[in-house]
Amino acid sequence: MSALRRALPRNALAVARLRPQTIVARARPLSLAGPRLLRTYTSTVPRRQAAFSSLLEGAPNASSASFSAQSVAPVANPQTLTEKIVQKYSVGLPEGKKVKAGDYVTLAPHHCMTHDNTWPVALKFKGLGATKIHDNRQVVFTIDHDVQNKTEGNLKKYSNMEAFAGEHGVDFYPAGRGIGHQIMVEEGYAWPGTVTVASDSHSNMYGGVSSLGTPVVRTDAASIWATGLTWWQVPPVAKVTLTGVLPPGVTGKDVIVALCGLFNKDDVLNHCIEFTGSEQTLASIPIDDRLTIANMTTEWGALSGLFPVDDMLVSWYRAKATTAAMYGSPSKERINHQRVDELDQSRLVADPGATYAKELYLNLSTLSPWVAGPNSVKIATPLNKLEAENIPLNKAYLVSCTNSRASDIAAAARVFREASKAGEPAKIASGVKFYIAAASIPEQQAAEEAGDWQVLLDAGAEALPSGCGPCIGLGTGLLEPGEVGISASNRNFKGRMGSTEAKAYLASPEVVAASALQGKIAGPGWYQKPEGVEKVIIGEGSGDFEADRARSVESALDKLLFEAESLIAAAEAAESSESSSAPATSSEEERLTDVLPGFPEKIEGEIVFCDADNINTDGIYPGKYTYQDNVSKEKMAQVCMENYDTSFGSVAQPGDILVTGFNFGCGSSREQAATAILAKEIPLVVAGSFGNIFSRNSINNALMGVEVPKLIERLRETYKNDEGKPLTRRTGWKLLWDVRRSKVVITEKDGKTWEQKVGELPPNVQEIIAVGGLEKWVKKKIEA
């Protein structure tokens, strides 16, 4: 019966409804950008990127039915959907203030979820001096990561979490009930139009049901428990227009794998994403697939991935409300027809004319099955190319919050059903292990009653408890050295799912199942290529070429006017300067940052260079230690950067300045990525750019960082012909960060010196770092 109940929302058909740029520049501290001192050019027009021009000209346009603003009165200071949702959950805004990207706001999230890190958060909470959770209805505990670990220590930790939840009246979901993000959606905590946060990087998944889901870190969670509030800087917002429709055999997993692999130059790094498209386009993307896409916007580098409220979503919720009412589910207080009616009648949409930092598009009709890897989501290849390579397989995984719902299990089961002969069940290939774990118990029950779960067991699959397991590198079935694995999960960073010497690929559930069946990376043969499609059509803009062309002309005119005004302003300034009798004083020298008492004015050390982009939190601090709460400082220092380079521990020394490439610290929300570097006694990290969640963790834990792209480029130029190319290099270069003057001074090995201006480190951030991090700062405020 539950299979029938589960099928209702999954197969609900719908039509969708939605309404419908700014260019920024930088070198700034990891934390917060200082006030803008120069005028910047902005445009409400999306840029076109030359790299994609060959795909644009003359390409079929499937966006003629795209959503557009209806004839309505212009909105003063229009907002994106993201900005509107943030506005609803911001407190203390000045009267009449409209939230915009770049604003710092105090947020009161609708819900905050913690998982296996609940007990460490509880210890932080107690350390703040707090004794009562501010709003126990705001908080949800779900135990999901290390559920296979039956050691006394882990079971004791889980027991402590449950007791703490009972003491404070917090909703608690025990180990084995399901993965936290799935629970937040299926139980109605992540609700459309709300801000829902979790101490996990895949909180983006809530965007699949139009909830602005974004990650926080452990210290933030403790602050929310104590005060109901947290801080957030509204990120720039990118609009991704989907055109066309998904062809048969193409899934939401293929959409996000293609987006990660084709727009792989940090195009949406630290952005919020809003997906949009025509009624026909969005109706071709089921809610489960939207959850998959939103979930993996994390791997794309984004801080959220928001789909609109449309008829398909409303129908999905109506079916769930009926099910909850019929069977008396506890979720009926959150998912009920009254609430769905209110949702339907008050759909939030972006205002016509809202400003986006950038616009991208993807024509779904031109998409085929894609596979990510090995060991990177930025490497994506059409399935048919990998099939031709006959890549042998050792392990396959149908696990995680990304793709292990009943619909995913059904797709995998169909592969084996179709391969059965003469009533004999098809079996996985000899030498291959196939692991399955449902996203939640309700999803597993639906799959069991549909017969899909048993089909996979009969094929030889090994069932694991509902939880994160192999996806986070914990428990049974991890990849061994030299092995190749393919998974329907979200992250295939080197070493995440086992050995750093293994290769991991990501694909849809049906491709994972077909690969397990055939013993090599393969598909089920379901893809039906539309006539006339030869390549994936992507680009900058909306995909409406005529409109984009017109806006490009408008943008060019705006830019010319801006440049003319700048030239005039510069000439006037020069003339004024020449006529002045006052001694010339550098404006740079006049702008000195106030440095708080006790905060160092200068930080310097020798540069140790890790020459790689996208070093993720698994590379910085291995996942296998993340949920061990008794790891000593000495051990943390020892394993710091272990998955990136095993020699880092011996090469890097206390007092060094760690310099690395772009998008440093992408990946999960683990705070140990920052605290392990501090344990190594490295006071400062310099990068071309940082992942936002690492920046947040660094501030909250008193690790300083600054972005200096020029330094990374100079180091790479210096060592480009070095045959050795060690992963970690002692350079002999020295770096001095002058906090008061907002600049870094570099002394190269030959004695040559040069300097580079960087953004200010504001006093409010200095204050948090100076007292030892956000936890101590909040405690100080509570005690005051």
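Modeller: What follows is a short exchange about a helix pair and a sheet in this predicted model.

Biologist: At roughly what angle do the axes of H14 and H17 cross?

Modeller: Helix H14 spans residues 406–419 and helix H17 spans residues 509–518, and their axes come within 8 Å. The crossing is right-handed, and the angle between the axes is roughly 35 degrees.

Biologist: How many residues of the contact of H14 with H17 are nonpolar?

Modeller: On the H14 side the contact is made by Asp 408, Ala 411, Ala 412, Val 415, Phe 416 and Ala 419, while H17 brings Pro 509, Glu 510, Ala 513, Ala 514 and Leu 517. Of the residues in this contact, two are charged and none is polar, which leaves the nonpolar ones at nine.

Biologist: Which strands stand at the edges of the seven-stranded open sheet?

Modeller: The pairing in this sheet is mixed, and the order of its strands is S24-S23-S22-S21-S25-S26-S27. Each edge strand has a single partner strand, so one side of it is left without a neighbour in the sheet, and the two concerned are S24 (704–707) and S27 (753–757).

Biologist: Which residue in S24 does Leu 684 stand opposite?

Modeller: Strand S23, residues 684–687, runs parallel to S24 and is joined to it by four bridges. Across this pair, the residue of S24 that stands opposite Leu 684 is Met 704.

Biologist: What angle does the direction of helix H25 make with that of S25?

Modeller: Helix H25 (residues 709–718) packs on the sheet and touches strands including S21, S22 and S25. Its direction and that of S25 make an angle of about 150 degrees.

Terms used. Residues numbered from 1 in each chain as written. Predicted model: local features only at pLDDT ≥ 70, side-chain atom pairs only at ≥ 80, totals over all residues. Heavy atoms only, no water. Axes fitted to C-alpha atoms, helices over the stretch in contact; angles between N-to-C directions. Left-handed = near helix turned anticlockwise from the far one by under 90°. Contact = heavy atoms within 4.5 Å. Nonpolar A, V, L, I, M, F, W, Y, C, P; charged D, E, K, R; others polar. Pairing = 2+ DSSP bridges.
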